[in-house]
There are 2 protein chains.
Amino acid sequence: MAMPKGPQPFPRAEYTRRLSAVKLEMERRETDVLMVTNPSNITYLTGYTAKSGYVPQALVVSLKEDEPTFITRRMDAPAAVHQMFMDSTQIIGYSENLVGNPEMDGFDAVLDFINDLNLARGRLGLEAKSLSAQTVQKIKSKLPDATVVDFSNCVTWIRLIKSDLEIEVMKEAAAITDAGMLRAKEIIRPGVRESDAAAEIIATLVRGINGKPGTYLPGFFLCASPRSATAHIPWSEDVFRNGSQINLEFGGQRHGYVSALMRTFSIGKPSDRLRRIHEAEVAGLEAALATAKPGASCGDVAAAFNSTFKKHGFVKESRCGYAIGIDWLEPTASLKEGDPTVLQPNMTFHLMLGNWVDEDFGYVISETFRVTDRDAEAFSNLPRVIFEI
Amino acid sequence: MAMPKGPQPFPRAEYTRRLSAVKLEMERRETDVLMVTNPSNITYLTGYTAKSGYVPQALVVSLKEDEPTFITRRMDAPAAVHQMFMDSTQIIGYSENLVGNPEMDGFDAVLDFINDLNLARGRLGLEAKSLSAQTVQKIKSKLPDATVVDFSNCVTWIRLIKSDLEIEVMKEAAAITDAGMLRAKEIIRPGVRESDAAAEIIATLVRGINGKPGTYLPGFFLCASPRSATAHIPWSEDVFRNGSQINLEFGGQRHGYVSALMRTFSIGKPSDRLRRIHEAEVAGLEAALATAKPGASCGDVAAAFNSTFKKHGFVKESRCGYAIGIDWLEPTASLKEGDPTVLQPNMTFHLMLGNWVDEDFGYVISETFRVTDRDAEAFSNLPRVIFEI
């Protein structure tokens with residue numbers, strides 16, 4: 001019996017639209033075949049979210065073919081048949097001989113497939129930035145007549161402007177994120193262990209809300225006193241105490257899409273230091289959101305934050321955020337002074353205003369937003385406050 | 001005020017022992033400086049488990065220096081000070097200018113540091129297999145006089161034999177894994193949504209047991225009918241039904257170390273097909289464990305499984321497992337026919353007997369075990385049964 005197709009998060013037309021944009025770029029760059037290896041780009045072009053990317057796999061997009069072909073480890077082919085929008089004939093499982101084999105790996109199967117396309121003499125697009133030097137070497141030696149064209153980040157840039165359908169999914173993710181933050185407000189108490197609070201919040205993010213579950217483990221960071229100056233510690237074994245500050249950053253996920261959010265919690269009255277930076281950050285955040293509209297640049301948004309923040313006597317060293325979508329960060333446009341990317345409707349960003357001031361003090365707040373026809377729309381419905389416990 | 005050191009999972013002597021083994025290999029290969037970039041290897045050599053590896057960072061081990069130096073993004077330096085065993089002077093935060101910058105990245109800071117060591121004319125070890133072609137190119141152009149020596153997987157091979165302290169931590173992780181599987185047995189019921197069950201199990205894995213919390217999000221896969229033939233779908237939005245089969249694979253985590261486990265669940269009486277493969281798999285599993293002792297090879301263990309399994313009329317295409325430790329899979333020794341690695345005490349493996357037979361049917365069972373002085377010790381205390389609900 002064949003593996004049934006699962007429910008697709010998007011209609012077929014959405015995927016063909018995305019593929020057309022990629023093929024247009026391939027045509028512009030006279031590239032016959034593109035080998036997509038970035039897992040988030042594979043999700044974007046097919047709907048596949050299974051976690052098989054720790055071994056080689058590739059989505060091969062050919063100008064001559066309507067649907068792309070996915071070459072993956074044989075044990076992962078059924079998941080691809082189930083999740084990908086394409087016909088099951090477009091999914092090829094490679095032999096287990098290529099796993100844990102010091103001589104060969106799954107890229108050998110991918111390159112054999114590309115060779116059989118008889119396009120090896122043409123131009124082959126690679127996401128070279130995320131391929132190992134060893135793999136690039138293998139490609140050059142197995143396809144010596146192909147001209148390699150660097151498509152690093154090309155599909156990722158196409159992802160920058162979301163469709164209305166993608167925005168809907170990101171809003172579902174945002175509702176999950178808000179539910180998690182409200183659960184944090186209930187569970188964070190003096191005497192509670194950080195890991196126990198994390199367990200409750202993460203369970204909320206997996207369970208989801210409004211009948212829409214989270215679809216994967218969320219990104220998750222709970223950095224509490226004395227670690228409020230850290231950004232990427234998931235949680236510790238300490239218990240919360242009176243006077244503890246807790247910096248939370250996480251994002252619910254729907255079908256790969258993430259809506260991220262940061263809020264700072266204080267058990268007991270926030271210190272003056274914390275309150276002062278909070279006021280400055282919120283003023284900066286609002287200035288940034290007021291600037292984010294079609295025609296403004298990413299750099300303008302960062303400049304609006306920075307100048308307002310400076311008026312309050314503060315500076316933030318790190319950038320003010322980045323494009324967000326599938327699997328959190330999109331390494332394309334930055335909300336950073338000087339970034340020339342011009343905002344267009346349905347671009348989505350994580351306006352990430354975490355500020356790790358000193359070795360003993362940090363503060364976080366953020367909003368995930370989309371650019372609308374005329375302004376910016378934040379996805380979260382939560383107030384921009386220090387949550388006092 | 002400076003960031004305080006957090007509680008270390010291992011004493012200093014454990015880290016210096018690990019570093020000595022790495023330095024011995026560096027000496028053998030006449031390599032002055034090693035740039036460790038694999039995040040699991042950084043965890044192994046320092047205790048660092050914060051999740052900053054999505055931007056460039058490196059641990060630089062020099063034969064001339066007692067302690068290694070960690071170069072990371074400035075916002076992540078406090079977490080490194082908190083978690084790493086080294087003196088805080090060994091941690092260098094690089095400027096935010098190098099983030100989201102199309103011209104330069106954190107590897108420029110790492111290479112500047114290596115250049116300042118005045119060792120650039122000597123031999124530089126790289127984990128080239130996990131570096132992008134672009135980064136290797138940058139290294140060659142910034143350190144043109146250095147001879148690059150490929151240390152891919154070298155530290156990973158050193159990790160293969162665990163210390164007694166590491167085994168203790170893996171057993172703590174295994175207790176968490178068992179708690180998660182027992183929670184699955186309580187929560188999986190007809191009418192329950194897969195995501196709701198996942199939420200409960202994952203919360204258990206984060207909360208931990210015996211006063212020892214999980215320290216990170218677990219690897220987690222719940223592949224239920226009609227997806228029992230898939231291996232790496234986290235969960236779906238379906239509800240369990242009478243007759244559903246559920247294949248679970250996950251691992252609790254302690255300080256980076258994972259103990260993985262697979263079990264198959266059946267709501268209602270297992271089908272004959274399921275029961276037959278289960279009996280064959282358990283017989284094969286027991287034959288494999290009986291073979292796993294010092295002096296046998298990894299290939300012998302796989303052959304013991306395969307020949308027993310074949311006697312029952314089955315074949316398994318994929319390998320029978322792999323070395324396990326920090327962040328799950330260690331890409332070194334495989335439990336695969338022909339793998340010559342000779343078992344030694346305190347090697348640890350995931351004897352992974354998942355078998356995705358057909359597009360409509362798969363079955364899973366596994367054990368994480370260590371090699372002892374005379375035999376094999378499985379970490380889980382759970383029975384090797386189909387869990388009937």
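Student: What makes β1(A) and strand β5 (residues 123-126) of chain A a pair in the parallel sense?

Tutor: β1(A) and β5(A) are joined over three bridges in the parallel sense. Two strands pair if DSSP finds at least two bridges between them, so three is enough. Within β5(A), Leu126(A) is the bridge partner of Met35(A). This is a predicted model, in which local features need pLDDT of at least 70, side-chain atom pairs count only at pLDDT 80 or more, and totals for chains, interfaces and linings use all residues. Residues are numbered from 1 along each chain as its sequence is written, while chains are lettered from A and ligands numbered from 1 in the order in which they are written.

Student: Which sense does β1(A) take with strand β2 (residues 58-62) of chain A?

Tutor: These two strands run antiparallel and are joined by four bridges. Leu59(A) in β2(A) stands opposite Val36(A). Strands here are DSSP runs of E with at least two residues, helices are runs of H or I with at least four, and both are numbered from the N terminus.

Student: Which residues of strand β1 (residues 33-36) of chain A point one way, and which the other?

Tutor: Val33(A) and Met35(A) take one side, Leu34(A) and Val36(A) the other, and all are buried. A residue is called buried if 20 or more other C-beta atoms, placed from the backbone, lie within 10 Å of its own, exposed if 12 or fewer, and partly exposed in between. In a regular strand the side chains alternate between the two faces of the sheet.

Student: Why is strand β10 (residues 321-325) of chain B called largely enclosed?

Tutor: Five of its five residues are buried, so β10(B) is largely enclosed by the rest of the structure. Three bridges link β10(B) to strand β12 (residues 348-352) of chain B in antiparallel fashion, with Phe349(B) as the bridge partner of Ala323(B). β10(B) also runs antiparallel to strand β11 (residues 328-334) of chain B over three bridges, and there Ile324(B) stands opposite Leu329(B). β10(B) and β11(B) form a hairpin with two residues between them, and Asp327(B) in the turn has a positive phi of about 55 degrees.

Student: Which residues touch the most other members of the largest nonpolar core?

Tutor: They are Met35(A), Ile202(A), Met35(B) and Ile202(B), in a core of 230 residues. Such a core is a set of buried Ala, Val, Leu, Ile, Met, Phe, Trp, Tyr and Cys residues joined through C-beta atoms within 7 Å. Leaving out residues up to four places away in sequence, Ile202(B) touches Ile202(A), Ala203(A), Val206(A), Pro218(B) and Phe220(B).

Student: How many residues does each chain give to the contact between chain A and chain B?

Tutor: Chain A gives 60 residues and chain B gives 60. Two residues are in contact if their C-beta atoms, placed from the backbone, lie within 7 Å. On the side of chain A, two or more residues come from each of α3 (77-83), α5 (133-142) and α8 (194-207), and α8(A) has the largest share with nine residues.

Student: How do you know what confidence the predictor has in chain A?

Tutor: pLDDT is the predictor's confidence in each residue, from 0 to 100. The mean for chain A is 95, and 99% of its residues reach 70 or more. For the complex, the predictor gives an ipTM of 0.97 and a pTM of 0.97.
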